[in-house]
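Have a look at the sequence and the model first, then follow the points below.

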Amino acid sequence: AGWLATAGGARAAGTPSDEPAAAPASAAVTWSRQVPVRYEADVAVIGGGIAGVSAACAAAQSGARVVLVERFAVTGGDLTVGGVANFCGDTKGQGEVFDAIVADLEKFDAVAPYKAAYPEQSTRVCEHHVLALVLQELLLRRGVKLLLHTQFVDACTTDQGRITACIVCGKSGPEALQARQFIDCTGEADVARRAGFAVAKGRPEDGLQLPMSIHCFVRHVEPDDAGPPLPDGWLEPIGNRKDLPMTSVWPNGPRGNSLKIKIPKFDATDTESLTAAEIQGRRRAMEVLHYYLQVEHKPWRFDGCSPQIGIREGARV
């Protein structure tokens, strides 16, 4: 029970001290293999967040053959997998695809009634689990070929710098996807970086990116059902509101809220840094929840964290 407190206090990255040593910077392995061309399309969209869904739907509506590659089980990105579940700003007049998404959510009664934007409606709550279904069905109705649980691996380019194919990998193993046009909707410029195009990252003076956020979900219960608090010896309890990390209490449907907790100073484009951010995020979520239960006596019960930390900024093309 004391390990998390020790690790959290002693190691900023949140990893055990006996982790394997990193290989020397000069070490490299060369590998090559023939990869079958399994998919061909007019347009290949890499990344199935709201931008990727919109791009794929619009391209398919114009008559293009479209393949959408998404690494998770559902599309929607931070809205679904990140647990954001809110649209900010005006939700009318934002384009044909978005209008279709909102219309389908309304059929499920899974989005708050429309009000004019600020100050009447700063956020419009939606049911993010229903949104995942709505996006999936919209894509399929328009004839988009969906590849879920599929990770973008690499880009194949000509000497002139044109992308001719992408290597993707799902349960079937590495495969090639050829297309006339590739759209990078990864959010971290993954396709552009793998293809060797110029990208920028973070702010100029120190490279720091906008902080990530994790969503911790709570439901409102009777006071006797609230909790549970942290066991003694786990993490670092927060006893005063001023010691909270930057936290926002977000709406999350009837009898529910989300605690949005910012996790700064990690790199969304680096494997180890992103891993550390996830570890830190879940620790901070439990510490913040413990504060609201034990200090402010909120009648809340923990309903889980978003499966992935929310990323605001990775690399930019």
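Let's start with two helices: α2 and α4 are roughly parallel to each other, a label for angles under 35 degrees. This is a predicted model, in which local features need pLDDT of at least 70, side-chain atom pairs count only at pLDDT 80 or more, and totals for chains, interfaces and linings use all residues. Residues are numbered from 1 along each chain as its sequence is written, and side-chain values use heavy atoms, without hydrogens or water.

**The helix pair**
- Helix α2 (residues 50-61) packs against helix α4 (residues 128-141) at about 20 degrees, and their axes are 10 Å apart.
- I50, V53, A56 and C57 of α2 meet L135, L138 and L139 of α4; contact here means heavy atoms within 4.5 Å.
- The residues of this contact are 7 nonpolar, no polar and no charged.

**Around S258**
- S258 sits in strand β12 (residues 256-263).
- With a relative accessible area of 1%, S258 is buried (under 20%; exposed is over 50%, partly exposed in between, with a 1.4 Å probe and protein chains only).
- Beyond its neighbours within four places in sequence, S258 touches H215, C216, F217, S248, V249, W250 and N252.

**Around R65**
- R65 belongs to the loop between α2 and β2 (66-69).
- Its relative accessibility is 46%, so R65 counts as partly exposed.
- Leaving aside neighbours within four places in sequence, R65 is in contact with E40, A41, D42 and V43.
- R65 and C169 are 104 residues apart along the chain, and their C-alpha atoms are separated by 20 Å.

Key
Helices (H or I, at least four residues) and strands (E, at least two) are DSSP runs, numbered from the N terminus. Axes are lines fitted to C-alpha atoms, for helices over the stretch in contact, and angles run from 0 to 180 degrees between N-to-C directions. Angles under 35 degrees count as roughly parallel, over 145 as roughly antiparallel, 65 to 115 as roughly perpendicular and the rest as oblique. Ala, Val, Leu, Ile, Met, Phe, Trp, Tyr, Cys and Pro count as nonpolar, Asp, Glu, Lys and Arg as charged, and the others, Gly among them, as polar.
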